Amino acid sequence: MELILEIIATSFGILSVWFARKNNILVFPTGIISVLIYAYITYENKIYAETGINFYYFIMSIYGWVLWSSNNKNIKKEISYSTKIEAFLSIIVFFLFFILLFYLLKLTDSDVVVIDSFTTSLSLTAMLLLARRKVENWLYWIIADIIYVPLFIYKGLYITSIQYLVFLYLAIMGYREWKRKIK
């Protein structure tokens, strides 16, 4: 049963990243399906920060969906680079997430505290930047995906590790595409 759920979650996850790459609002509903299933899978495999991040992705997907579909003219809808202040704040947010997650995970039976905290912090920051259509979201995803592949292999989630290889490719392509759309 877990294998079937993993295949469904992986399929919708890949679709979601493909839609993100295309700057298509369908990134959010497809992502929601994937993250809800992955919340269950990661909890069962004791990757607790990943479980939490899937709930965060769910909330950020709703936030992004609302932003991207809004008719409010004050909401910026174009892809853009982060300002220097936004980039600095993103790094601060990453480190705050890391510290918080590291200490929370030390209280659990997780055997991947540092890696889980690091990748989850990168992903939390990336999702926030994605919802705000910042090009730099892809850089955070690329770094996280490179680390996720061996993490999921270590945990025996081979289909998920393949998904993250696909995510890595899509993130690289997404970064190139979004940079091209700005020019």
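**Exercise 1. Find how many cavities of 30 Å³ or more the structure holds, and describe the largest one.**

Solution. The structure holds 1 cavity of 30 Å³ or more, where a cavity is a set of points on a 1 Å grid over the protein atoms alone at which a 1.4 Å probe fits but cannot get out. This is a predicted model, in which local features need pLDDT of at least 70 and side-chain atom pairs count only at pLDDT 80 or more, while totals for chains, interfaces and linings use all residues. Residues are numbered from 1 along each chain as its sequence is written, and side-chain values use heavy atoms, without hydrogens and water.

Next comes the volume, which is about 370 Å³ for the largest cavity, taken as the space filled by probe spheres set on the points.

The lining (residues with an atom within 4 Å of a point) comprises 26 residues, and S16, V17, Y57, W141 and F167 lie nearest the centre of the cavity. The elements that give two or more residues to this lining are α1 (2–21), α2 (27–44), α3 (48–69), α5 (113–131), α6 (137–154) and α7 (158–182); α2 gives the most, with 7 residues.

**Exercise 2. Identify which residues touch the most other members of the largest nonpolar core.**

Solution. Among the 51 residues of this core, those residues are V27, Y56, Y57, M127, L130, W138 and W141; a nonpolar core joins buried (under 20% relative accessible area, 1.4 Å probe, protein chains only) Ala, Val, Leu, Ile, Met, Phe, Trp, Tyr and Cys residues through side-chain atoms within 4.5 Å. By element, α6 gives the most to the core, with 9 residues.

Note on methods. On a 1 Å grid over the protein atoms alone, a cavity is a set of points where a 1.4 Å probe fits but cannot get out, and a pocket is an open set with protein on both sides within 12 Å along at least five of seven lines; lining residues have an atom within 4 Å of a point. Helices (H or I, at least four residues) and strands (E, at least two) are DSSP runs, numbered from the N terminus. Buried means under 20% relative accessible area, exposed over 50%, partly exposed in between (1.4 Å probe, protein chains only).
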